[in-house]
Amino acid sequence: MIEQAKGMLMLVHRIGEQQAFELLRSCSQHTNVRLRELAQRVLTELPPAGGQAAKAPLRVDPNRILSGRSPQSDQ
């Protein structure tokens, strides 16, 4: 789950694997949310990377997910 979340963050932020892990780890510590739970949020709330979703504009703020803000704050 953490590896998949890292992959999604790498794609969205155009960063490397180590940077994606550091981003997850830092956000986990800052928000006091377990790394695994934060990874699950990323997987659940970000759209899939393949198909039509990849061509459409990103409508979810990945920084909102990592900061622990609710989905309503994207609207």
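Contact, in these legends, means heavy atoms within 4.5 Å. The model is predicted, so local features need pLDDT of at least 70 and side-chain atom pairs count only at pLDDT 80 or more, whereas totals for chains, interfaces and linings use all residues. Residues are numbered from 1 along each chain as its sequence is written, and side-chain values use heavy atoms, with hydrogens and water left out.

View 1. Beyond its neighbours within four places in sequence, Ser28 is in contact with Val33, Arg34, Leu35 and Leu38. Ser28 is buried, with a relative accessible area of 11% (buried means under 20%, with a 1.4 Å probe and protein chains only).

**View 2. Ser28 and the backbone of Leu35.** A polar atom of the Ser28 side chain lies 3.3 Å from the backbone nitrogen of Leu35.

**View 3. The crossing of helix 2 and helix 3.** The axes of helix 2 (residues 17-31) and helix 3 (residues 35-45) come within 9 Å and cross at roughly 115°; axes are lines fitted to C-alpha atoms over the stretch in contact, and angles run from 0 to 180 degrees between N-to-C directions. Helix 2 contributes Phe21, Leu24, Arg25, Cys27 and Ser28 to the contact, and helix 3 contributes Leu35, Leu38 and Val42. By class, six of these residues are nonpolar, one is polar and one is charged.

**View 4. The chain as a whole, with five helices and zero strands.** Helices are DSSP runs (H or I) of at least four residues, and strands (E) of at least two, numbered from the N terminus. Of the 75 residues, 24% count as buried.

How values were computed. A crossing is left-handed if the near helix is turned anticlockwise from the far one by less than a right angle, and right-handed if clockwise. Ala, Val, Leu, Ile, Met, Phe, Trp, Tyr, Cys and Pro count as nonpolar, Asp, Glu, Lys and Arg as charged, and the others, Gly among them, as polar. Buried means under 20% relative accessible area, exposed over 50%, partly exposed in between (1.4 Å probe, protein chains only). A polar contact is a pair of N or O atoms within 3.5 Å; within protein, one must be able to donate a hydrogen and the other to accept it, and residues adjacent in sequence count only if both atoms are side-chain atoms.
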